[in-house]
Structure formats: structure tokens, C-alpha cells
Amino acid sequence: MRESIIMKIHYGTALAAVALVAVHILMRLTQGFAESLQYDSVIANYKFLPYAGMLEIILILLSIHGFNGLRVILLELKQGRKYEKAVSYGCVVAMIALIAYGSRTIIMVNTGMV
């Protein structure tokens, strides 16, 4: 994929993440801080499908943005065809692993496993 397209994705994920995290923070402000961190409150958030969906989207956006940022930093430190491929594929694998682990949590709560 061309670097210009990757950077457009990077900027797009940043803008979308800022908007969704702002919504997330506003929803958290409807409760007291301590109350929002209680176990029952957190589980209720995950069981409310629209909110759980928003959390999943935030997870995906931040994972893409964060690992692409890490990739760019690592590519600025060192160049080389093999190194660049290793960094790019390593970041994609780490991103997929993080999204899978985070999604697993949401799915486990929604299916009643937790």
C-alpha cells in the first residue's frame, strides 16, 4: 500500500477516534467517576450493544492509529527493505492480536461467559 494512503488512514483514524472518545467521555460524565468504575457498571456498559459497539470501534481505530504511529517511528530510526517489511508486518500482527484480545472481552461479556 502506498505510504500516502497509509497516512490518510492514519489521519482519518485520529479524527474519528477523537470524536468517539469524546462521546465516550461525555457518557462517563453522566455517572459519578467512582460509580462508573464499579464492576456492575462496567459489565452493564459491555452488555448495552450500541455502547459496546462504540467501544469496539474505538478499540479498532486506536489500534490502527497507534500501531501505524509505532511503525512510522521505527521506520524513521532505521531503513532497509527487510527491516521495513519486518516492522510493517510485525505491527499488523500486533494490531490484529490486540483487536482480537479486546474483542474477546466484549464478546465474553455479551455471551454471558463473565
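The legends below accompany close-up views of a predicted model.

**View 1. The largest pocket and the residues around it.** In this predicted model, the largest pocket holds about 550 Å³ of space, and its lining is made up of 17 residues, of which Ile6, Asn68, Arg71, Ser88 and Val92 lie nearest the centre of the pocket. The elements that give two or more residues to this lining are α1 (3–28), α4 (49–77) and α5 (81–110), with α5 giving the most, namely 7 residues. Sorted by class, the lining of the largest pocket has 9 nonpolar, 3 polar and 5 charged residues.

**View 2. The second largest pocket and its lining.** About 220 Å³ of space lies in the second largest pocket, which is lined by His24, Arg28, Ser36, Val42, Asn45, Tyr46, Tyr51, Leu55, Leu59, Gly102, Thr105 and Ile106. Two or more residues of this lining come from each of α1, α3 (39–47), α4 and α5. By class, the lining of the second largest pocket has 6 nonpolar, 5 polar and 1 charged residues.

**View 3. The crossing of α3 with α4.** The axes of α3 and α4 come within 5 Å and cross at roughly 90°, which means that α3 is roughly perpendicular to α4. On the α3 side, Asn45, Tyr46 and Lys47 meet Leu49, Tyr51, Ala52 and Leu55 of α4, and the residues of this contact divide into 5 nonpolar, 1 polar and 1 charged.

**View 4. The crossing of α3 with α5.** The axes of α3 and α5 come within 8 Å and cross at roughly 95°, and α3 is therefore roughly perpendicular to α5. Here Ile43, Tyr46 and Lys47 in α3 meet Ile106, Val109 and Asn110 in α5, and the residues of the contact divide into 4 nonpolar, 1 polar and 1 charged.

View 5. An unreviewed UniProt entry carries the annotation "transmembrane region" for residues 48–74 and 86–107. In the model, the end C-alpha atoms of residues 48–74 lie 38 Å apart, and this span is 96% helix and 0% strand. For residues 86–107, the end C-alpha atoms lie 31 Å apart, and the span is 100% helix and 0% strand.

Methods: Residues numbered from 1 in each chain as written. Predicted model: local features only at pLDDT ≥ 70, side-chain atom pairs only at ≥ 80, totals over all residues. Heavy atoms only, no water. 1 Å grid on protein atoms, 1.4 Å probe; cavity = no way out; pocket = protein on both sides within 12 Å on 5 of 7 lines; lining within 4 Å. Points joined across faces, edges and corners; volume = space filled by probe spheres on them. Helix = DSSP H or I, 4+ residues; strand = E, 2+ residues; numbered from the N terminus. Nonpolar A, V, L, I, M, F, W, Y, C, P; charged D, E, K, R; others polar. Axes fitted to C-alpha atoms, helices over the stretch in contact; angles between N-to-C directions. Parallel < 35°, antiparallel > 145°, perpendicular 65-115°, else oblique. Contact = heavy atoms within 4.5 Å. UniProt positions renumbered as here; feature names shortened; annotations may be inferred.
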